[in-house]
Structure formats: C-alpha cells, structure tokens
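Thanks for making the time this morning; I would like to walk you through one model, taking the ligand shell, the sheets and a helix pair in turn. Please have the structure up while I speak.

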Amino acid sequence: MSVAESEHEVQMSIDVTAAATAASPKVRATIREGALRIDAVSYSYDSGHQPGVAAVDDVDFVVPRGALGVLVGPSGCGKSTLLRLAAGLMEPTLGRIAFGTITPAELRKQRRIGFAFQDPGLLSWRSVRRNVELPFDLAKLPIDRSWIGELLEIVGLSEWADRRPRELSGGMRQRVSLARALATRPDLLLLDEPFGALDEITRSELNLELLRILSATGTTCLLVTHSVEEAVLLGDRIVVLSSRPCTVKLVHDVPEARDARGASRDTVAFLDHCRALRAALAA
Ligand SMILES: Nc1ncnc2c1ncn2[C@@H]1O[C@H](COP(=O)(O)OP(=O)(O)OP(=O)(O)O)[C@@H](O)[C@H]1O
Ligand SMILES: [Mg+2]
C-alpha cells in the first residue's frame with residue numbers, strides 16, 4: 001500500500017476536533033445538543049454473487065449527550081458493524097442514525113468523530129508521537145503539542161514517543177490508537193474493544209482515565225467490549241446484543257456516578273449490574 005493510500009485509509013477512520021475545525025460556534029452548539037440515536041437500523045453486507053450477510057437487525061437505542069454507551073454481545077454478532085455505521089463509514093440498509101440533528105456522514109465531514117478500530121492500524125513509518133499527531137496533519141491543522149504530550153502520558157507511552165509501532169507490544173499499539181482517537185477532542189468517540197489486549201491493571205487505569213477525559217470534555221462515546229465488568233465500570237448505558245444478525249436484547253442503565261465506580265466493584269449494586277448483563281447475554 002502506498003503512503004498516500006494508507007494515509008487516505010487512516011483519514012477515513014479519524015476525524016478531528018471541533019475545537020480545531022473551522023465550523024461556526026452555532027454548528028458546534030447544535031452538535032453538542034445531540035444524543036447519538038440509532039433508529040430501527042438494519043444492515044446487510046452485500047457481497048456480489050454470494051448471498052448477503054445480515055449483520056444488524058432493527059436495532060434501536062439512544063446514547064444521551066455526553067454519555068458513554070457500551071455494546072456487548074457475542075463475537076461476530078455485528079458490534080463493529082454498528083460502530084462503522086455510527087461513524088458514517090457505511091449507510092444503514094434500513095433505518096437511520098443521527099447525532100443531534102445531523103447524520104454521522106455530516107459529522108465526519110465536520111471532522112468531529114474519533115474512531116479507534118479493533119485493529120489499531122498505525123502507520124509503520126511514523127513514530128508513536130507522529131501517529132497520535134496524524135489527525136492534525138490530515139486536517140492541515142496546527143498540532144496541539146501540549147495535549148498530545150498529556151495524552152502520551154495518560155496512555156503511559158511518553159518514553160516510547162519516538163519509537164516506531166513495530167517496536168511496541170499489541171497492548172501498546174492499542175494505547176497509541178486510543179490516544180490518536182482522542183487527539184483532536186472529538187464530539188463523538190467510537191472505540192472498538194480499545195482495551196482488549198491490556199493487562200488488568202493497565203486496563204483499569206485506562207478505564208478510569210477515559211472516564212475522566214469524557215467527563216471533562218462532555219464527549220459522547222460508544223464503546224465495544226467483551227468484558228461485562230468493564231461494561232458496568234464504564235457504561236452509563238449498556239446495550240446487550242443477540243447473536244448475528246444482532247438485535248437489542250436489553251438496554252441497561254448504570255445510574256451510579258462515574259467517579260464512584262472505580263472503587264465500587266465489590267458492591268452489591270455493581271454485582272447486580274453484572275448479573276443482569278450476564279443473564280441477558282445467556283438468554
Ligand atoms: N466487510 C464485510 N463483508 C462481509 N461480511 C462482513 C464484513 N464485515 C463483517 N462481516 C460479517 O458481519 C458479521 C458481523 O461482523 P462484526 O465485525 O460486526 O462482528 P463483531 O460483533 O464486531 O465481532 P467480534 O466481537 O468478533 O469483533 C460477521 O458475520 C462478519 O462475518
Ligand atoms: Mg468487532
């Protein structure tokens with residue numbers, strides 16, 4: 001793949017911050033008012049001569065503005081497909097998705113979506129720091145170096161900032177991808193199993209950092225995880241999906257305050273949330 005092709009591909013996956021774009025304050029205010037609405041969405045992959053693959057079937061849920069929504073469901077059920085639809089990378093076969101009053105495709109054009117794919121997709125010829133800075137370069141915007149430095153610190157990679165991706169472990173690459181998704185302070189953050197390759201302690205630390213960043217910025221987020229505990233720790237609203245084509249089995253809200261959740265994994269309330277999710281997954 002050529003440099004231009006790769007950078008184009010990454011550009012498809014990364015959209016940049018409201019703060020750094022030229023959109024008017026009015027447009028920004030409109031977007032900030034928005035919840036992410038998935039409205040009766042179905043999606044089938046059409047593969048030409050082969051029969052199409054139905055991945056999403058009449059899925060309906062809302063992630064309120066500034067909230068963190070979590071998708072859990074069996075492998076292959078359609079979670080990544082839903083995230084790609086929410087990112088405006090594909091259009092639903094049926095139904096619609098909106099962020100506030102606009103479509104994900106429009107939000108992408110406004111460069112307000114941050115996306116970390118299941119596969120980190122780093123550019124091998126760029127250092128860690130330059131990978132995190134990439135969204136600014138693609139949008140031809142000045143790099144917010146102090147924020148990039150802070151993000152590298154948060155994901156524990158300051159000392160690795162000048163290394164290339166091939167020198168990193170899988171979990172470290174995931175952390176670069178997370179930092180890159182956050183680099184330009186997007187209005188909508190879409191994270192596909194962002195902590196899957198991390199050890200438990202690093203994972204817990206990053207969970208809490210993510211909550212801190214989201215609370216500080218008011219960013220709306222939709223995240224995929226296979227961990228029920230992580231879903232309860234992070235999610236304000238958890239959507240349990242069936243096997244493919246995924247339908248919504250349960251929408252479960254976690255009302256406890258985010259900043260109280262880190263210490264609360266042994267509480268009755270935490271365990272009750274986990275039990276409810278496990279029961280729905282098994283049903
Ligand atoms: N580009 C594609 N073309 C055809 N089918 C696809 C494509 N991408 C995904 N699928 C199919 O859609 C279904 C849902 O895939 P998806 O990647 O959304 O699942 P997932 O829930 O994210 O799984 P996992 O938990 O393993 O990541 C699968 O059956 C998969 O084979
Ligand atoms: Mg997936």
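**The shell around ligand 1**

Let me start at the ligand: 13 residues surround ligand 1, the closest being Y45, S75, K79, S80 and T81, where a residue counts as near a molecule if its C-beta atom, placed from the backbone, lies within 6 Å of it. The elements that give two or more residues to this shell are β2 (53-63) and α3 (79-86), with helices (H or I, at least four residues) and strands (E, at least two) taken as DSSP runs numbered from the N terminus. The largest share, three residues, comes from α3. By class, the shell has four nonpolar, seven polar and two charged residues, if we count Ala, Val, Leu, Ile, Met, Phe, Trp, Tyr, Cys and Pro as nonpolar, Asp, Glu, Lys and Arg as charged, and the others, Gly among them, as polar.

A word on provenance: this is a predicted model, in which local features need pLDDT of at least 70 and side-chain atom pairs count only at pLDDT 80 or more, while totals for chains, interfaces and linings use all residues. Residues are numbered from 1 along each chain as its sequence is written, and chains are lettered from A and ligands numbered from 1 in the order in which they are written.

Now to the sheets. Six strands form an open sheet with mixed pairing, in the order β5-β6-β7-β3-β8-β9, two strands being paired if DSSP finds at least two bridges between them. Its edge strands, each pairing on one side only, are β5 (113-116) and β9 (248-253), and the twist averages 15° from one strand to the next. α3 packs on this sheet, touching β3 (68-72), β6, β7 (220-224) and β8 (237-241), and its direction makes about 155° with that of β7; contact here requires C-beta atoms, placed from the backbone, within 7 Å, and axes are lines fitted to C-alpha atoms, for helices over the stretch in contact, with angles running from 0 to 180 degrees between N-to-C directions.

The other sheet I want to show is open and antiparallel, with three strands in the order β2-β1-β4. Five bridges join β1 (residues 36-45) to β4, and the bridge partner of L36 in β4 is F99.

Finally, the helix pair: the axes of α5 (residues 128-138) and α6 (residues 145-154) come within 11 Å and cross at roughly 125°. The contact is made by R129, V132 and E133 of α5 together with I148, L151 and L152 of α6.

Note on methods. Two residues are in contact if their C-beta atoms, placed from the backbone, lie within 7 Å.
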